[in-house]
Amino acid sequence: MNTATATLIKHQFPIEGMTCASCVGRVEKALKAVAGVKAVSVNLATERATVNAVPSTLAASLVAAVQKAGYSVGKEPSADHLAGPARSRGEPWWPVALAAVLSVPLVLPMIAMLFGADWTINGWLQLALATPVQFWLGARFYRAGWKALRAGAGNMDLLVALGTSAGYGLSVYLLFKHVDHGTPHLYFEASAVIITLVLLGKWLESRAKRQTAAAIAALNALKPEVARVRMPYGDVDVAIEQVKAGDLVVVRPGERIPVDGVVTIGASQVDESLITGESLPVAKHAGDKVTGGAVNAEGLLLVETTAVGAESTLSRIVRMVESAQAKKAPIQRIVDKVSAVFVPVVLLIAALTLLGWGLATGDWEQAILNAVAVLVIACPCALGLATPTAIMAGTGVAARQGILIKDAEALEVAHRIHTVAFDKTGTLTEGKPTLVAALAAPGHEDTLLSWSAALQAGSEHPLARAVMTAAEQAGLPLLSAAKVSAVPGRGMSAEVQGRALRLGSPRYMQELGVDTAALGEAAQRLANEGRTVSWLADVTASPVLVGMLAFGDSPKASAAAAVKSLQALGVRTVMVTGDNLGSALAVGRALGIDHIEAEVLPADKAAIVNRLKEGGRSVAMVGDGINDAPALASADVGIAMSTGTDVAMHAAGITLMRGDPALVADAIDISRRTYRKIRQNLFWAFAYNVIGIPLAVAGLLKPVVAGAAMALSSVSVVSNALLLRGWQRRG
């Protein structure tokens, strides 16, 4: 098989033992070295690896590579497992509590000194208190540091192990050296307190990381485990895994809908807020679609199952959010490059600090303490957490608003959007047009609507449905059509009752040579009123006009406010539509759109998006149809309405779970705030080291203070990211 053209397989699995950004880099390097691996992304916040490789690459090879690097692959959680960090239950609290109990007596003399008291704890008691903290509660640092050392690399654990061991070792040396001369000044409190603070920091960090995964936890909690299936002999409760497409599911008032499906009997109000972000219940009647996980508020519903399990909307939403949280934002690549050399540089600085102070002053005790401070303050943990925790929090709050972000790159890029290009029908308008006028050319009064309906009978286009509805209301029989085909960007062609008919746009008529002058004035008037005009022609012998159809489609209630929200964010709005200029201008002016591109062929939408991108401007495209897919893919960020086609959603980086254009401004605002958090986090992560390391080298930073600062750095970046959870819509 040609690996260059082979379909890549995605492997995802939890990684255990990672503690900092250096660990991430080492795991990625090990996985990239496996034959057939094309792309690797390892996320410290979710503690998961995502590997794209050719099908011949064995999962066992990836596991072996991770283990060789000094880490292990955890057990894959079940589908119903809470998504998030591999250590789903988090860090245990008792090691922190026990370490604190053992360390407090060591610190009390230092506290007493502040009040003028002179408390001295026997050196052997200090040794007894510090030893279990160092080698039992702190054993994790030795294990992980040793694995890193064996793999020829360094990580946070190695820095902590070296630093605390130096402080502990110095204290033991001084204790035995002065065994016959009383109790010398020892530094057991430094090593014990550092380990306690690091353990506390990891525990707080673990709690905070679990909170960043709260969005997925909430979505997973929506999955019912049992469905009530209607059988010939009565209703039976069965496990959700046993429900199949086509089964009829009974949903009582107050219950969660267990499957995706279509209502066959009943009417109710359904709460879809946790899925779509829509705060108000939505009315559902026979024929309406319902989504698994929504709450049936009041009426009894009988639902025909269309999707369950992994194919359900809820499962796809969870996978999309997980995918976004697992992938890296482009800015993270800078951090990865820094982290790759960070630990070796810190070890070199610590060695130079030890030698410099020792040789310059002859005070090797102080030299060791200064080197310990360097090792402890310089923790790359905050660097590794700065970006992914903000991404997790940002995608989580977006999901709660009904905004699904496919990957971290889309979230990051969206913050610099300059222009948003909207499709019109179904995006800015309701997408439910009605036939408002049917004007026939002389001699065709009885055939215009029936012929048009025959051409449109097999189409799912909104205009086609409007024609079919009008024909049914008029009581017209449905004529059969032959040789039906779509002419992209123009219309339809078919044979009806032996006549070669063409239905479509003014451009199509012009290309066919059809004279539309007889109805030209009426068509212009309707177009100026914002109507969409289609023409029907008979081209059996020579092109003859049959008549004109005019459609009305009202703007969505939130469309004007959505445009104003974007403009308030400094974003330019453009409407790109295949509709006639008159209709486009009427809608565009009503909504306050900045620029309008009308009568655009589907193939040309992507070209317009590329033109809007000229000059380095970032462009988002918002659409819902198959014809929007190329433009969605061409844009810097494609935004699809979930009310549209699967093709559009596949091509987009962001999917709006309800057809509300106001969510576009929300997505950009969330992106901007998330990116702001990323920059703040990276600033603080670097600032701790840029400020702390020189202070430690200069001997101005005690090891205990360094330990506290290091623990605080990790907790602060995660806590800062969690502030995104309080996001609220502007205005």
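**Close-up views of a predicted model**

By the ring rule used here, the count comes to 6 aromatic pairs; rings of Phe, Tyr and Trp (its six-membered ring) pair if their centres lie within 6.5 Å, and planes under 30 degrees apart count as stacked, over 60 as edge-to-face and the rest as tilted. This is a predicted model, in which local features need pLDDT of at least 70 and side-chain atom pairs count only at pLDDT 80 or more, while totals for chains, interfaces and linings use all residues. Residues are numbered from 1 along each chain as its sequence is written, and side-chain values use heavy atoms, with hydrogens and water left out.

**View A. Trp94 meets Trp136 in a tilted pair.** The ring centres of Trp94 and Trp136 are 6.0 Å apart and their planes stand at 40°, so the pair is tilted. Helices (H or I, at least four residues) and strands (E, at least two) are DSSP runs, numbered from the N terminus. Trp94 has a relative accessible area of 41% and is partly exposed; buried means under 20% relative accessible area, exposed over 50%, and partly exposed in between (1.4 Å probe, protein chains only).

**View B. Trp124 and Phe176 form an edge-to-face pair.** Here the rings lie 5.3 Å centre to centre, with 90° between the planes. This pair, too, links distant parts of the chain, with Trp124 in helix 4 and Phe176 in helix 6 (residues 156-177), 52 residues apart. How accessible is Trp124? Its relative accessibility is 39%, which counts as partly exposed. Phe176 also counts as partly exposed, at 49%.

**View C. Four aromatic residues form one cluster.** Look for Phe135, Tyr142, Tyr168 and Phe188 to find this group.

**View D. Helix 5 covers residues 139-150.** Its 12 residues reach 17 Å from the first C-alpha to the last, close to the 16 Å expected; the expected span is 1.5 Å times one less than the number of residues. The buried residues in helix 5 include Ala139, Phe141 and Gly145.

**View E. Helix 12 (residues 364-377) meets helix 24 (residues 662-697).** Their axes come within 8 Å and cross at roughly 170°, where axes are lines fitted to C-alpha atoms, for helices over the stretch in contact, and angles run from 0 to 180 degrees between N-to-C directions. That makes helix 12 roughly antiparallel to helix 24 (angles under 35 degrees count as roughly parallel, over 145 as roughly antiparallel, 65 to 115 as roughly perpendicular and the rest as oblique). On the helix 12 side, Asn370, Ala373, Val374 and Ile377 take part, meeting residues of helix 24 that include Tyr688 and Ala696; contact means heavy atoms within 4.5 Å. Asn370 is buried, at 2% relative accessibility. Not counting residues up to four places away in sequence, Asn370 touches Thr353, Trp357, Ala696 and Gly699.

**View F. Asp660 sits in the loop between strand 26 (654-656) and helix 24.** With a relative accessible area of 15%, Asp660 is buried. Asp660 and Ala559 are 101 residues apart in sequence, yet 7.6 Å apart in space, C-alpha to C-alpha.
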